[in-house]
Amino acid sequence: MSNRRDFLKSLAAGGLLVAVGPRIVAAAADAPAPAAVAPPPGWVRIAPDGSVTILSNTSEIGQGTGTAIAQLLADEMDLDWKTVRIEMAPVEKQFINPGWGEYATYGSGGVARQFPQLRKAGAQARAMLVGAAAAEWKVAPAECDTQPGAVLHKPSGRKLPYAKLVQQAALQPVPADPPLMPKERWRHMGKDVARLDLPAKTDGSALYGIDVKVPGMLHAAILQCPHFGGKLAALDAQPALARRGVKKVVRLPDAVAVVADSCWRAQQALNVLKPEWDLAAASKQSSAPYRDMLREAVQKEGDLVVPSNRKAEDIMAAHDAGAVKARAWLERTYTVPLLAHATMEPMNGTASVKDGKAELWLPTQAQDTARTYVSKALGIAPEAVTIHTTLSGGGFGRRIEADFAVQAALIARDAGVPVKLLWSREEDMRHGYHRPAAVLRLRAGFDAAGAVTAMRLDSASDTLFSYSRFGADKEYAKPFDRSAVGVLLTRYYGLPGFVHRTNTVDAGVPLGYWRSVAASQNIFASESFMDELALRANQDPLDYRRSLMKPGSRERAVLDQLEARSGWRGELPAGRHRGMAFTWANGTYIGQVVELSVDAESRVKLHRVTTVLDCGITVNPRNVRGQMEGGIIFALTAAFYGEITVKDGAVEQSNFTDYKLLSLAETPAIEVAIIDSNEAPGGVGEEAVGPLAPALANALFGATGKRYTDLPLIKAGLRLQ
């Protein structure tokens, strides 16, 4: 404690730096991963002028989590919002997200995975400020309270602004269990607070990775082997070196990069090169035969999914018992394709490598991952790699990967000067870590009365664990592929005899986390199938789902609100139809209703999407609504248009001309209702994606009488209007 206190005291001259919680000591490289990481990640700086800087450990990829983190800390510290600023925290162990055990942004965990730790952080800071004021006045801390930005002595009415308590607070002991601010005193949480990052994004001063400028910096363009797994065999660099502004041509194992004095010159010089590729070990896979392989695999037994609280023999016994009772069966197969993340800002990174150290400026979602693999590529210690996090023009899981960071570092080392690497749109589209293609087979057995007695889901796909983070997570693919499973339906539906088996089929294509991960394919299949079960039971789809839920549960409350908000029971104008879907993900319960019409020429008009969710305590409702709207648009793009096709191990799409995104004119009205809750916060960044496609498909069945089981829908002749 004395060392820590001395450290704080040394910073007092420039403002209070409140370190919250113990420092986290790095484990040895061969030590097992800790079961839990010591909390919490968050520092608060109070400047002499009264301004407060809150450090966020969550990459800003458009979701606004930094503002939410600032809101909850501001409430616990009792701050005046006008004084609050946010900055990215440095990539250090004390700033890791305790829910993930690393400095990273994914899984909708920016708030949900560290909410109690961040609240405690603010409460600790407030208690230290109160303790400092009490010491100044020589009174008991119990006689003191706070007002926004100041400590109040209740008996005398005396006040001291936080800025005047900087040095004294730095000497206060850090309380282990400070009281939290009661909900009735929250000033910021639960409010539509304007995002702190928007002014800079509006006036153009915001710094994205693509905007980074470093003294003496050059620019690099890259061409990677078009076929996955191919290597650079030979290259005549002279055509590029002869062009104006070109400084160097860098050879990488599977790519070539041109370094020049401008991005344009680097790209133009790269375009004249004709590298020869060694395809001996390259993928030969193509989309059509791979789909056939998946369809064949889904008929096999596969690996049994066994939750940690169950036993394999119990799962199979329940299923077998239900199957014996079945007098009829219903079966349906669903297919989904490879998908790209298609972020607006292509992959990029700026690196400086010298004197055995590396410094990088990255639009990344996984700072620890980038540092680890950059250090390995350069042969230096991780501590010698400094990562500066910039804003990102979209992430959706793509920026969890470290490929672009490693490339930037290697090119900068070879060039001998700082280099900004910028991928072209074509490179970005063809060399992503794609959402796996999958085939899903659902079977349900019914007794003589028509009740479900057993249900089985078989899924076939490749595992993203073989590719993401250079295969570092391969261990999680066994005993079953967790990346292909996601959430089991039995979490919220009382389905008897439910079994899920997974089959892994190598795609020969780099795969990675894609917004909502397994939910993007599994919920499409399962919630489409639930409508068929409702139809067979001669029940309303919403009522049928509700009958499978526990009375008084949060999931039932969501369906009740969804029914009311969407006008589910109300009459629709002629030609309009509704479809619904429900799921749970990352602590959030969510239901959606799609309202649409289809004309005689198979043109679909999307009229409205209604979403109701219970995401626990809502820190910033405006952010939540924005994430729901963005997730719905993202999911509509995938459902109608999204498809990456591969021929002989190479992606065929190249740009937004052949990987279409939803247009503003095609976007329906979106209504979002958030249930007021005191439960722990759940995620909101990914949760709107999973239920959208099945709600859409279920509405299309109402409009056309056809079951759409193959995405994207454009392949079935449907067009948006």
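Reader: Which residues have the most contacts inside the largest nonpolar core?

Author: The model is predicted. Its largest nonpolar core has 111 residues. Helix 16, residues 621–640, gives the most to this core, with nine residues. Those with the most contacts inside the core are Tyr493, Leu533, Phe582, Val594, Leu606, Phe640 and Leu696.

Reader: Which residues does phenylalanine 640 touch, not counting residues up to four places away in sequence?

Author: Phenylalanine 640 is one of the residues with the most contacts inside the largest nonpolar core. Leaving out residues up to four places away in sequence, phenylalanine 640 touches Val604, Leu606, Leu696, Pro712, Leu713, Ile714, Leu718 and Leu720.

Reader: How many residues of helix 17 are buried?

Author: Helix 17 runs over residues 689–704 and reaches 23 Å from its first C-alpha to its last, close to the 22 Å expected. Buried residues of this helix include Val689, Gly690, Pro691 and Leu692. Helix 17 is mostly covered, and the number of its 16 residues that are buried is 12.

Reader: Against which helices and strands do the buried residues of helix 17 pack?

Author: Leu696 and Leu700 are among the buried residues of helix 17, and Leu696 is also one of the residues with the most contacts inside the largest nonpolar core. The buried residues of helix 17 pack against helix 13, helix 14, strand 22, strand 23, strand 24 and helix 16.

Reader: Is glutamate 686 buried or exposed?

Author: Glutamate 686 has its place in the loop between strand 27 and helix 17. Leaving aside neighbours within four places in sequence, glutamate 686 is in contact with Gly107, Ser108, Trp514, Arg515, Ser516, Val517 and Asn586. Its relative accessible area is 14%, and buried means under 20%, so glutamate 686 counts as buried.

Reader: How far apart in space are glutamate 686 and asparagine 586, C-alpha to C-alpha?

Author: Asparagine 586 is among the residues in contact with glutamate 686. The two are 100 residues apart in sequence, while their C-alpha to C-alpha distance in space is 8.7 Å.

Reader: Is aspartate 355 buried or exposed?

Author: Aspartate 355 is found in the loop between strand 15 and strand 16. Although it is not a glycine, aspartate 355 has a positive phi of about 55°. Because exposed means over 50% and its relative accessibility is 75%, aspartate 355 counts as exposed.

Reader: What radius of gyration does the chain have?

Author: The C-alpha atoms of the chain fill a box of roughly 80 × 75 × 50 Å along the principal axes. With 721 residues, a compact globule would have a radius of gyration near 27 Å, so the chain agrees with that expectation at 27 Å.

Reader: What pLDDT does the chain average?

Author: In the chain, 94% of the residues score at least 70. Over residues 1–17, however, the pLDDT is below 50, and over residues 19–42 the pLDDT is also below 50. The average pLDDT of the chain is 93.

Terms used: Residues are numbered from 1 along each chain as its sequence is written. This is a predicted model: local features need pLDDT of at least 70, side-chain atom pairs count only at pLDDT 80 or more; totals for chains, interfaces and linings use all residues. Side-chain values use heavy atoms; hydrogens and water are left out. A nonpolar core is a set of buried Ala, Val, Leu, Ile, Met, Phe, Trp, Tyr and Cys residues joined through side-chain atoms within 4.5 Å. Buried means under 20% relative accessible area, exposed over 50%, partly exposed in between (1.4 Å probe, protein chains only). Helices (H or I, at least four residues) and strands (E, at least two) are DSSP runs, numbered from the N terminus. Contact means heavy atoms within 4.5 Å. The expected span of a helix is 1.5 Å times one less than its number of residues. The radius of gyration is taken over C-alpha atoms; the globule rule is 2.2 Å times the number of residues to the power 0.38. pLDDT is the predictor's confidence in each residue, from 0 to 100.
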